[in-house]
Amino acid sequence: MNMAVNIAGVEWKNPVTTASGTFGSGEEFSEFVDLNRLGAVTTKGVANVPWPGNPTPRVAEVYGGMMNAIGLQNPGIDLFCKRDIPFLRKYDTKIIVNVCGKSEQDYCEVVERLGDEDVDMLEINISCPNVKEGGIAFGQNPKAAESITKAVKKYAKQPVIMKLSPNVTDITEMARAVEAGGADVVSLINTLTGMKIDINRKTFAIANKTGGMSGPAVHPIAVRMVYQVAQAVKLPIIGMGGIASAEDAIEMILAGASAVSVGTANFHNPAVTMEIVDGIEKYMQAQGFDSVADMVGIVK
Ligand SMILES: Cc1cc2nc3c(=O)[nH]c(=O)nc-3n(C[C@H](O)[C@H](O)[C@H](O)COP(=O)(O)O)c2cc1C
């Protein structure tokens with residue numbers, strides 16, 4: 001039995017990675033998780049220059065998950081390359097760098113710069129609901145999504161994963177647009193826009209007013225979207241949204257994901273990624289699957 005998966009030519013030892021923004025660049029979690037056991041680590045989003053993020057409060061707990069409006073606070077590509085990439089390179093895992101920007105040029109600058117770095121894949125976040133410019137603006141318009149995919153692909157030396165937003169009427173239209181633009185992989189879902197009101201303070205729980213909802217409550221929506229995208233495009237899919245157990249991850253794979261990302265669940269169980277790797281292995285043994293690829297999208 002083999003847990004390895006091949007995602008756009010990059011061989012991961014198993015199909016489990018971390019969802020961007022929920023695992024830092026691995027350093028905070030390396031006390032709880034043997035990073036060598038992950039298929040890949042996906043880093044928090046990085047831009048061409050440092051971003052301060054949004055005013056606080058920026059997170060709130062809600063039924064079945066959480067909301068955040070961090071606003072992609074990040075140290076900028078220079079510090080990231082100096083500090084985070086060498087840290088991750090000490091481990092035997094693939095490195096996926098999540099890239100954010102406010103304009104096409106911002107994204108391309110970061111992607112070009114990463115061409116000289118020892119990283120394995122790039123994940124382009126065109127789906128963050130918490131920044132006013134860029135981000136979601138590209139992720140809600142198929143023409144803009146296709147155009148930014150094309151632009152990024154011109155500069156990219158590593159395979160490009162386009163990360164889709166669930167805040168659209170038809171997710172398949174967005175998946176087809178990035179496929180037409182030359183994406184190598186799609187990942188989904190990013191967070192769903194929500195709102196929480198603090199009735200005692202009589203104001204929004206999050207200073208940004210709205211925030212991105214994640215966690216177990218969004219899982220069925222994510223499974224539905226992964227399934228729809230799997231029927232619509234030929235690209236490999238990295239599925240995420242509310243995965244908190246091996247069962248959730250397996251569901252996503254059977255719906256059509258070639259690999260899975262684990263996000264919010266890391267906050268209440270920092271060792272959850274290891275449990276998911278072990279649980280997928282046990283399921284494969286029990287069900288007689290020889291490879292993860294044999295499980296992908298078998299539920300039609
Ligand atoms: C606190 C927080 C920060 C996040 N930051 C990013 C980010 O920088 N880039 C990105 O593409 N997605 C970001 N996301 C979205 C997650 O990567 C993921 O798509 C989403 O949370 C759904 O998965 P989950 O329910 O397992 O958390 C963030 C999510 C959370 C909760």
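Where is V185 found? V185 sits in strand β10, which covers residues 185–188. Before going further, note that this is a predicted model, in which local features need pLDDT of at least 70, side-chain atom pairs count only at pLDDT 80 or more, and totals for chains, interfaces and linings use all residues. Residues are numbered from 1 along each chain as its sequence is written, and side-chain values use heavy atoms, with hydrogens and water left out.

**The ligand and its surroundings**

- There are 20 residues around the ligand, and S20, K163, G215, G242 and T264 come nearest. To count as near, a residue needs one of its heavy atoms within 4 Å of the molecule.
- That shell splits into four nonpolar residues, 15 polar and one charged. In this scheme Ala, Val, Leu, Ile, Met, Phe, Trp, Tyr, Cys and Pro are nonpolar, Asp, Glu, Lys and Arg are charged, and the others, Gly among them, are polar.
- The space that the ligand takes is the largest pocket. A pocket is found on a 1 Å grid over the protein atoms alone, as an open set of points where a 1.4 Å probe fits, with protein on both sides within 12 Å along at least five of seven lines. A molecule sits in a pocket if more than half of its atoms lie within 2 Å of its grid points.
- Backbone atoms take part too: a polar one of S20 is 2.8 Å from an oxygen atom of the ligand, and a polar one of G215 is 2.9 Å from a ligand oxygen atom.
- N98 uses its side chain, with a polar atom 3.0 Å from an oxygen atom of the ligand.
- Taken alone, the ligand exposes 610 Å², and the protein buries 95% of that. Areas like these come from the Shrake-Rupley method with a 1.4 Å probe, and for residues only the protein chains shown count as cover.

**Buried residues**

- Back to V185: this residue counts as buried because its relative accessibility is 0%. The cut-offs are under 20% relative accessible area for buried, over 50% for exposed, and in between for partly exposed (1.4 Å probe, protein chains only).
- V185 and I237 are 52 residues apart in sequence, yet their C-alpha atoms are 6.0 Å apart in space.
- T273 belongs to helix α9, residues 272–287. With 0% relative accessibility, T273 is buried.
- Along the chain, T273 and V16 are 257 residues apart, while 7.1 Å separates their C-alpha atoms.
- T42 is in strand β4, and T42 is buried because its relative accessible area is 2%.
- The side chains of T42 and T17 are joined by a polar contact of 2.9 Å. A polar contact is a pair of N or O atoms within 3.5 Å; within protein, one must be able to donate a hydrogen and the other to accept it, and residues adjacent in sequence count only if both atoms are side-chain atoms.

- Most residues other than glycine have a negative phi, and most peptide bonds are trans.
- T56 and P57 are joined by a cis peptide bond, with omega about -5°. P57 is in the loop between β4 (40–42) and β5 (59–62).
- Another cis peptide bond joins L188 and I189, where omega is about 10°. I189 has its place in the loop between β10 and β11 (192–195).
- K202 has a positive phi, near 50°. This lysine lies in the loop between β12 (197–198) and β13 (203–204), and K202 is exposed because its relative accessible area is 68%.
- K209 also has a positive phi, near 75°. The loop between β13 and β14 (210–214) holds K209, which is partly exposed at 45% relative accessibility.

- G21 is in the loop between β3 (16–18) and β4. With a relative accessible area of 49%, G21 is partly exposed.
- G21 and F267 are 246 residues apart in sequence and 11 Å apart in space, C-alpha to C-alpha.
- P236 is in the loop between α6 (219–232) and β15 (237–239), and counts as partly exposed at 21% relative accessibility.
- P236 and M225 are 11 residues apart along the chain, with their C-alpha atoms separated by 14 Å.

Technical notes: 1 Å grid on protein atoms, 1.4 Å probe; cavity = no way out; pocket = protein on both sides within 12 Å on 5 of 7 lines; lining within 4 Å. Helix = DSSP H or I, 4+ residues; strand = E, 2+ residues; numbered from the N terminus.
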